[in-house]
Amino acid sequence: MDLYAEIILDHSKNPQNAGLREPYEAEVHHVNTSCGDEVTVRVHVDTSTEPPRIVDVSYDAMGCSISTASTSVMTEETIGHDATEVAGSLAEMKKMLTSRGQYGGDEELIGDGVAFAGVSQYPARVKCALLGWTALTDALARAGVDITGSEQDSEVPTNGAQA
């Protein structure tokens, strides 16, 4: 088994930061209508800093190993980071996952997220890998932190987002 497959398997079997925690400023629930994967994400943000700092991200996920593992990696790459860094990580994940196998990602920006580079060759699985990241983006927006700038999230439609 290659290293990347091992990383995905490990995060799937031992998801980091799983379980919904308090305190939090926003909670969202997203569903991948293509396959039924679901994730609820909570964010706790310190908005007294500039840029705001992500203090905690917790989640409850029900879905395939790719969505669970990617959400686990997302928490590791965002907790303790500021909104600018998180925006860079999100953009890098999207760039890699929508490259159709042409781009392997920057480990400096997404850490273990590079393990999902192979997923980009399977368009139906891209939504699985981005589900937690998209939910985080929505949760941060609901907490008053926009990490998307002028970018549109239309590439990864989700259904059922709730406050």
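Guide: Two packed helices are described by the angle between their axes and the distance between the axes. Here the axes of helix 1 and helix 2 cross at roughly 85° and come within 8 Å, so helix 1 is roughly perpendicular to helix 2 (65 to 115 degrees counts as that). This is a predicted model, where local features need pLDDT of at least 70 and side-chain atom pairs count only at pLDDT 80 or more, while totals for chains, interfaces and linings use all residues. Residues are numbered from 1 along each chain as its sequence is written, and side-chain values use heavy atoms, leaving out hydrogens and water.

Visitor: Which residues in helix 1 and helix 2 meet?
Guide: Contact means heavy atoms within 4.5 Å. Ile-8, His-11 and Ser-12 in helix 1 meet Ser-65, Thr-68, Ala-69, Ser-72, Val-73 and Glu-76 in helix 2. By class, that's three nonpolar, five polar and one charged.

Visitor: At what angle do helix 3 and helix 5 cross?
Guide: Roughly 155°, with the axes of helix 3 (residues 83-97) and helix 5 (residues 123-142) coming within 11 Å. That makes helix 3 roughly antiparallel to helix 5 (over 145 degrees). Their crossing is left-handed. Among the contact residues are Met-93 and Leu-97 of helix 3 and Trp-133 and Leu-140 of helix 5.

Visitor: What does Leu-97 touch?
Guide: Leaving aside residues up to four places away in sequence, Leu-97 touches Phe-116, Val-119, Ser-120, Val-126, Ala-129 and Leu-130.

Technical notes. Axes are lines fitted to C-alpha atoms, for helices over the stretch in contact, and angles run from 0 to 180 degrees between N-to-C directions. Helices (H or I, at least four residues) and strands (E, at least two) are DSSP runs, numbered from the N terminus. Angles under 35 degrees count as roughly parallel, over 145 as roughly antiparallel, 65 to 115 as roughly perpendicular and the rest as oblique. A crossing is left-handed if the near helix is turned anticlockwise from the far one by less than a right angle, and right-handed if clockwise. Ala, Val, Leu, Ile, Met, Phe, Trp, Tyr, Cys and Pro count as nonpolar, Asp, Glu, Lys and Arg as charged, and the others, Gly among them, as polar.
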